[in-house]
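These are my notebook entries on a structure that was new to me. I recorded each item as I looked it up.

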Amino acid sequence: MTYRPPPATLADTFQRVAHQGLLRIDDPLLAANHFSGLLLWIPVNKAMFHGSPQHTQPQLDHYADPGVRAFLAAYR
């Protein structure tokens, strides 16, 4: 089995969803990177640059929910 980095696997999923007419995606890999960035940017930067302790589930939800809404606003 060939290793596929997570954005590539996510891109495959986004491409399938786009073919179903649920998303408008011209470049599935770029969309996957946008999605990952929207979800991970804040918690990863806080951990890297501020030494933040482990995030709680409510904190992660606070970061993820608006990220998903932004992604859907751009790609739906």
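**Entry 1: a surface patch**

I found a nonpolar surface patch of about 430 Å², made by L40, V44, M48 and F49. Patches consist of residues with over 30% relative accessible area and no salt bridge, with like charges joined within 9 Å and nonpolar side chains (Val, Leu, Ile, Met, Phe, Trp, Tyr) within 5 Å. Areas follow the Shrake-Rupley method with a 1.4 Å probe, and for residues only the protein chains shown count as cover. A salt bridge is a side-chain nitrogen of Lys or Arg within 4 Å of a carboxyl oxygen of Asp or Glu.

I noted that the model is predicted: local features need pLDDT of at least 70, side-chain atom pairs count only at pLDDT 80 or more, and totals for chains, interfaces and linings use all residues. Residues are numbered from 1 along each chain as its sequence is written, and side-chain values use heavy atoms, leaving out hydrogens and water.

I placed L40 in helix 2 (residues 28–50); helices are DSSP runs (H or I, at least four residues), numbered from the N terminus. L40 is partly exposed, because its relative accessible area is 48% (buried is under 20%, exposed over 50%, partly exposed in between).

**Entry 2: A11**

I located A11 in helix 1 (residues 6–19). A11 counts as buried because its relative accessible area is 6%. Beyond four places in sequence, A11 touches P28, L29 and A32 (contact: heavy atoms within 4.5 Å).

**Entry 3: H55**

I found H55 in the loop between helix 2 and helix 3 (57–75). H55 is buried, at 19% relative accessibility. Leaving aside neighbours within four places in sequence, H55 contacts P43, K46, L60 and Y63.

Notes. Helix = DSSP H or I, 4+ residues; strand = E, 2+ residues; numbered from the N terminus. Buried < 20%, exposed > 50% of the residue type's maximum accessible area, 1.4 Å probe, protein only.
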